[in-house]
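Please walk me through this model in the viewer, one selection at a time. For each stop, tell me what to select and what is found there.

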Amino acid sequence: MLPLLLDLHPDQYPLEGYRRKQLLEWVFVHGASSFEAMTNLSAAQRQALDEQYALNPFIRTETFESNDGSVKYLFTLSDNRQMEAVYMPYLDRKTICVSTMVGCPAKCAFCATGAMGFGRNLSAGEIVGQILAVAWHQDFSPRELRNLVFMGMGESMLNYDQVMLASRILLHPLALGMSKRRVTLSTVGIARGIRRLAEEDDLGIKLAISLHAPDEETRQRIIPTGAANSIAEIMQAAREYQAKTGRRISMEYTMLSGINDHLWQADLLAELLRGMVSHVNLIPMNPWEGSGFSETPEQQLQAFYDRLESHGVPVSVRRSRGRDAGAACGQLALKQPGRQAVQEQAAP
Ligand code: SF4
């Protein structure tokens, strides 16, 4: 199997000088899906690239369109494993949610991906390749994508090096040239990863922590694997991150009926965030068969929201898109008849 061109840092692309720039332009500006299409490179250069590198990490790409305009992509990798991305077009921007793993070792109890177990980490090229594949399918330049969130399948901080390389490809001016303010890394709460991210001075991407509960008992019920740290450790790392970077932190909070949506939990969450520059995103759960959880009723969601606001906590409700098209993260891969089951490995 040929190495993936997209696994390289843009400064290491295998041509020199302006030829390298042309190659990067073909990949990231024109969105060329084959070396053959790169017509201002010589025939010999195109042939050499074709013999030495693969451009597309996926052997199959399937799409599931939602009534709200978002499109879920189910990608089959060269080892037949499957993972997903979601493309969300808005009037003023194109947004993508990408995966960083096949499956996930965190096993959050409400998450379809968690139910799959851990398959393997994705390489940087397999992460960036999700953007290119969406751009090829939607017929726009990859550079038109303005927002990216690492919130698909997988725990980003447990695939740290490849996620950092992917981020550098996203931000590189000759690659995707994205704004660091428009790239968000989500973690279930890996304290050492949060501290490492604070040291990546050249990146400056945004951090979202999937807290999901403000008390240890509830959190351990929702995230039972111990992949994440204790709430106290996470909040300590978050405060250190903020002191070092000065950046606001998003707190993701999936609302689960009768589990984490009590008003005392809103009070406790506000207490945890006291003195921090943060923003809470309340996310109505995307129900899936067999999850054992249900969505918080609208009235309770509003009450929880109001309670946070009464404490002066900036809060919004983030409604999932694509609910009719495979809905929750991991559901498509979980549902595929005859899919290769995730061969579970030890978490990295
Ligand atoms: S919610 Fe995220 S971290 Fe938790 S199991 Fe799902 S993909 Fe993994």
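In which strand does His-279 lie? His-279 is in strand 11, which covers residues 278-284. Keep in mind throughout that the model is predicted.

**Stop 1: His-279 and Val-280.** Select His-279 and show its surroundings. With a relative accessible area of 15%, His-279 counts as buried, because the cut-off for that class is under 20%. Setting aside neighbours within four places in sequence, its contacts are Arg-248, Ile-249, Ser-250, Met-251, Pro-314, Val-315 and Ser-316. Now move to Val-280. Under the same exclusion of neighbours within four places, Val-280 is in contact with Met-251, Tyr-253, Leu-269, Leu-273, Leu-308, Val-313, Pro-314, Val-315 and Ser-316.

**Stop 2: the nonpolar core.** Val-280 also belongs to the largest nonpolar core, which has 110 residues. The members that touch the most others are Val-27, Phe-28, Val-280, Leu-282 and Leu-308. Helix 4 contributes the most to this core, with eight residues. In soluble globular proteins, nonpolar side chains tend to be buried together.

**Stop 3: helix 5.** Select residues 160-171. This helix has twelve residues and reaches 16 Å from first C-alpha to last, close to the 16 Å expected at 1.5 Å a residue. Colour its buried residues: Tyr-160, Val-163, Met-164, Ala-166, Ser-167, Ile-169, Leu-170 and Leu-171. What do they pack against? Their partners are helix 1 (17-29), helix 4 (124-138), strand 7 (145-150), strand 8 (183-187) and helix 6 (191-199).

**Stop 4: aromatic pairs.** Five aromatic pairs turn up in a search of the whole structure. Select Tyr-87 and Phe-140, a tilted pair with 5.6 Å centre to centre and 45° between the planes. Tyr-87 sits in strand 3 (residues 82-89) and Phe-140 in the loop between helix 4 and strand 7, so the pair links parts of the chain 53 residues apart. Both residues are buried.

Next, select Tyr-253 and Phe-304. Their ring centres are 5.2 Å apart with the planes at 35°, so this pair is tilted. Tyr-253 lies in strand 10 (residues 249-255) and Phe-304 in helix 10 (residues 298-310), so the pair ties together parts 51 residues apart in sequence. Tyr-253 and Phe-304 are buried. Then show Phe-58, Tyr-73 and Phe-75, which ring pairs link into a cluster.

**Stop 5: the ligand.** Finally, select the ligand and its shell: Cys-104, Ala-106, Lys-107, Cys-108, Cys-111, Gly-114, Gly-152 and Gly-154. By class, the shell has four nonpolar residues, three polar and one charged.

How values were computed
Residues numbered from 1 in each chain as written. Predicted model: local features only at pLDDT ≥ 70, side-chain atom pairs only at ≥ 80, totals over all residues. Heavy atoms only, no water. Helix = DSSP H or I, 4+ residues; strand = E, 2+ residues; numbered from the N terminus. Buried < 20%, exposed > 50% of the residue type's maximum accessible area, 1.4 Å probe, protein only. Contact = heavy atoms within 4.5 Å. Expected span 1.5 Å × (residues − 1). Core = buried A, V, L, I, M, F, W, Y, C linked by side-chain atoms within 4.5 Å. Near = heavy atom within 4 Å. Nonpolar A, V, L, I, M, F, W, Y, C, P; charged D, E, K, R; others polar. Phe/Tyr/Trp six-rings, centres within 6.5 Å; stacked < 30°, edge-to-face > 60°.
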